[in-house]
Each structure stands twice: as structure tokens, then as C-alpha cells.
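Subject: Structure for your review

Dear colleague,

Please find below the structure that I am handing over to you. My findings follow directly after it.

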Amino acid sequence: NKVEVMLEEWQAGSYEPAHSHAGSDATTVIEGSMKVQFFDRAADGSLVKRGEPLLLKKGDTGYINGGDIH
């Protein structure tokens, strides 16, 4: 299995458009906090929020399964 480690720095208030990855992903928050919203795709192709956003704080690790839209 190939494991990639990447360090990303995000500015407060920034976000990425909803997307997914082929493989699973683990994110550990080093400083600050972040929210991750998961989505399901409706029959018409639109995105529907799945539950409440996942709040990750400093030291927390969040896991995203491959294919999950977030």
C-alpha cells in the first residue's frame, strides 16, 4: 500500500468545493479547527447534505472513505 503524507495550510474562512477522492483520506488538524460537510448525490444529480458537519479541532484526526463527497 502506498501512503502519501501532505501538509496543507488553509486560511481562516477558506473552503474547497464539494469533491471526492478515489482513495481514503485521513486529516489531522495541527492548529485551529476545520469543518467537513459530507454530501450524498440525489437522483437529479444535485448534492444533499448528509448530517451535520464534522468539526475537527487541534489534535483531532478525521477519516474520509474513498468516494465520499465532502
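This is a predicted model: local features need pLDDT of at least 70, side-chain atom pairs count only at pLDDT 80 or more; totals for chains, interfaces and linings use all residues.

Strand 4 pairs with strand 1 (residues 25–28) in the antiparallel sense, over four bridges. Within this pairing, Tyr 63 of strand 4 is the bridge partner of Ala 26.

As a general matter, nonpolar side chains in soluble globular proteins tend to be buried together. Leu 56 deserves a separate remark. Leaving aside residues up to four places away in sequence, Leu 56 touches Val 29 and Val 36, and also Thr 27, Ser 33, Met 34, Thr 61 and Gly 62.

As to the chain as a whole, the protein chain contains four strands and zero helices, in the order β-β-β-β along the sequence. The C-alpha trace spans about 40 × 35 × 20 Å along its principal axes. Of the 70 residues in the protein chain, 16% are buried. When contacts between residues at least 6 apart in sequence are considered, 59% of them join residues at least 24 apart.

The largest pocket holds about 1,500 Å³ of space. Its lining comprises 40 residues, and those nearest the centre of the pocket are Glu 8, Trp 10, Asp 25, Thr 27 and Met 34. Strand 1, strand 2 (33–41), strand 3 (47–57) and strand 4 are the elements that each give two or more residues to this lining. Strand 2 gives the most, with six residues. Sorted by class, the lining has 19 nonpolar residues, 14 polar ones and seven charged ones.

Finally, a word on the segment before strand 1, where Val 3 lies. Is Val 3 buried or exposed? Val 3 has a relative accessibility of 69% and therefore counts as exposed, the cut-off for that class being over 50%. The C-alpha atom of Val 3 is separated by 32 Å from that of Ser 46, and the two residues are 43 residues apart along the chain.

With kind regards

Terms used. Residues are numbered from 1 along each chain as its sequence is written. Side-chain values use heavy atoms; hydrogens and water are left out. Contact means heavy atoms within 4.5 Å. Two strands pair if DSSP finds at least two bridges between them. On a 1 Å grid over the protein atoms alone, a cavity is a set of points where a 1.4 Å probe fits but cannot get out, and a pocket is an open set with protein on both sides within 12 Å along at least five of seven lines; lining residues have an atom within 4 Å of a point. Grid points are joined across faces, edges and corners, and a volume is the space filled by probe spheres set on the points. Ala, Val, Leu, Ile, Met, Phe, Trp, Tyr, Cys and Pro count as nonpolar, Asp, Glu, Lys and Arg as charged, and the others, Gly among them, as polar. Buried means under 20% relative accessible area, exposed over 50%, partly exposed in between (1.4 Å probe, protein chains only).
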